[in-house]
Number of protein chains: 2
Amino acid sequence: MTHEMEAVIKEYAHRAKQAASALALLSPEVKNQALHGLAEALRDSRNEILLANQKDIAAAVKGGEPESRLDRLRLSEARIEEMAHGLQMIAKLDDPVGVVDDVRIQHNGLVIEKTRVPFGVVAVIYESRPNVTVDAAALAFKTGNAVLLRGGKEARHSNEAITNVMRATFQSLHLPVDAIQLISVLDREVVDQLIQARGYIDLVIPRGGAALIERVVQGARVPVIETGVGNCHVYVDATADQAMAEEIVVNAKTQRPSVCNAIETILLHESLDPSFVRRLLSRLLSCGVEVRACEQTLLRLGEEEQTAISLATDDDFATEFLDLIVAVKVVRDLDEALGHIERFGTKHSEAIVTNDAASAQTFLSRVDAAVVYHNASTRFTDGFEFGFGAEIGISTQKLHARGPMGLRELTTYKYVVKGSGQVRG
Amino acid sequence: MTHEMEAVIKEYAHRAKQAASALALLSPEVKNQALHGLAEALRDSRNEILLANQKDIAAAVKGGEPESRLDRLRLSEARIEEMAHGLQMIAKLDDPVGVVDDVRIQHNGLVIEKTRVPFGVVAVIYESRPNVTVDAAALAFKTGNAVLLRGGKEARHSNEAITNVMRATFQSLHLPVDAIQLISVLDREVVDQLIQARGYIDLVIPRGGAALIERVVQGARVPVIETGVGNCHVYVDATADQAMAEEIVVNAKTQRPSVCNAIETILLHESLDPSFVRRLLSRLLSCGVEVRACEQTLLRLGEEEQTAISLATDDDFATEFLDLIVAVKVVRDLDEALGHIERFGTKHSEAIVTNDAASAQTFLSRVDAAVVYHNASTRFTDGFEFGFGAEIGISTQKLHARGPMGLRELTTYKYVVKGSGQVRG
């Protein structure tokens, strides 16, 4: 089976590579027209897509998936319109391919141009959310990359419907159809073959839960950009504006708990007024959030809140809940907060709420994460919110790209050197 | 043994991480003064270093190493001066750390600063050439990274002498000594532990032969930048200036055959004048180059040259000789040349010699390599020649960095977001 699957994946990759060569010849105008075409096609096909999505939702409900999971899977007219709008935004963005980032003219007359080029063949391995199918395909296409999409089994009807619409659009526009391929073979082994297809696939981007990311990182021979696991914190400093802290915490936890930039732990400076702690946690409880707090937190609460709150363990501090659950810990000072984030954080998004400029500066420079915030919600870690038009993922590692990855992060560069016979002395 | 070695490597990494935190607080001025201090110290200690190097050379001669290998290992007053001068050049270069590459002020008032930061702990695994010890340490130091150096066994006396000089200099300047650590444990298993120390080491850069690179890439769990394997080509097009082509080929092959940017194969357009082919290959033979040519090449030669030249196999085309050996192949056209490079090349440096602008453009855009040349020798793929002041390696992969890697390539970035209470709507 392994050899068979290897051959299947190499065949996909081979078609992708051929498509990538054709993509490299397309002008930005042709690519942008195609993106508008894709947007229209998605709108026109929304009924088929929603129908397919209902099949996936029905199966997930039957399988007993929690609501947070269903939310990630669910499409609606509004979400399809969001995807279509995203495509139009991508069309408006500058094409990074061919941009010369830097020119050096050497004393010997050599002209060295650092030129942005596509990676070639990019594989995206993801779970649940079908909008990733559109985002990944569009961002890869705009940057001249052919994409191999490996979505989750749970979203396969939705992903197939979306991919069929996109490929049909490319066909009608006489564009290389294999620029977008969904790998629909169900075998789990597909992922292992994708991440080991060194020399066939230029880059793998896993998007999903901790287990998927870990599996890809452990097994990969193809270069990988790790994305998405977000065990994010808000640290409320002694001098924080309490009303601001409350709004930021509530927003970062509850506005969309199923995504990676939602927070999982609140760190509270020990000198914060107990009445603020009570108000904050009561508000979270009233929003339906399950609270797991350290002993020091519980000591600050009334009997009523204490009964509603369980004692937090290190497991809780280490968990990306992706749900309406939050861990709370009282810390002695900024240093203890930094230590906690270093121990439990996943280098995604970390925020401090403080009115003390020195504390803010220390936090922003010492926290090792893709995005560090002063007095703002972690929910802004997002390609759209950063003005990238869309995102292929949020990198939580340091190589190549960090944080929201847009068009530029889907390109690499090469040096084009123009001479007149120069040799090295 | 494995657990013991794991603990040893984690202890090295832990010290490195602590040093890295201290490095982050140093001003560019302090770092640059330290670099000048290192340069002086190397000059002052040249006798000890040369003495240590002689031990390594003697062992290598005794071990029957070929001259190309000895050349890579050998130090001289001139090479030490070159290293010292390199340090002074690095001191003069701009410090990338803290540079804000991009600022976005969003409609909601959020200020998003894309800020250059060090990786943290960088491990460099290398072979033979002891100058890598200085280059790697200096580039890492200037960019605020602590470095773990794993040099080749064959250069260990040289590397120890150089590292001792650098650490003693740091000690006398009250700088964190563990910013530079040479891992002198001889066990081969050290490399396996280094490349699997995920979470302890932020980046691994292997520099060396194909076997080392392959071993690191196959076994790594830490992000890796592949460097250095250079199966490079010069393609002489139909319209090439013959004198220019001859100089470029001879320079690219013979000026320093033991390094990765030297060429290994010459591709000749079939319509080139046979007298040019004869002249070119006679010149190479007279330079002491062993020539292995395809049948079509042999047909173009006189009897005398034919006897001196053997028939090339696919193995020859696939080999990075790193020696005075060259493979030669006649191709029908540019397309066949591109196909050959795609099949046998290692995405390092590739050159075309032509007077035809269209051929040049096609070659420069279609060849997938870190550096592509028109009418120049591949020997320029080098951090100094590119004006980077030094190089940590030449990347032959596409993620993060391609081609010569200098200071900027040893940093990553993080987004620093400053708000005034913004939450996501």
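Helices (H or I, at least four residues) and strands (E, at least two) are DSSP runs, numbered from the N terminus. Residues are numbered from 1 along each chain as its sequence is written, and chains are lettered from A and ligands numbered from 1 in the order in which they are written. This is a predicted model, in which local features need pLDDT of at least 70, side-chain atom pairs count only at pLDDT 80 or more, and totals for chains, interfaces and linings use all residues.

Leu35(B) belongs to helix α2 (residues 28-44) of chain B. A residue is called buried if 20 or more other C-beta atoms, placed from the backbone, lie within 10 Å of its own, exposed if 12 or fewer do, and partly exposed in between. Leu35(B) counts as buried because it has 22 C-beta neighbours inside 10 Å. Contact is defined by C-beta atoms, placed from the backbone, that lie within 7 Å. Beyond its neighbours within four places in sequence, Leu35(B) is in contact with Leu87(B), Ile90(B), Ala91(B), Ala138(B) and Lys142(B).

The confidence of the prediction comes next. Chain A has a mean pLDDT (the predictor's confidence in each residue, from 0 to 100) of 94, and 100% of its residues reach 70 or more. The ipTM of the model is 0.92 and its pTM is 0.91.

How are the two chains related?

Where the chains meet, 49 residues of chain B are in contact with 49 residues of chain A. On the chain B side, β16(B) gives the most, with 11 residues. The copies meet through the same surface, because 100% of the interface residues of chain B are also interface residues in chain A. Strands pair if DSSP finds at least two bridges between them. Here, strand β13 (residues 371-376) of chain A and β16(B) pair in the parallel sense over five bridges, and Tyr373(A) stands opposite Val417(B).

Technical notes: Two residues are in contact if their C-beta atoms, placed from the backbone, lie within 7 Å.
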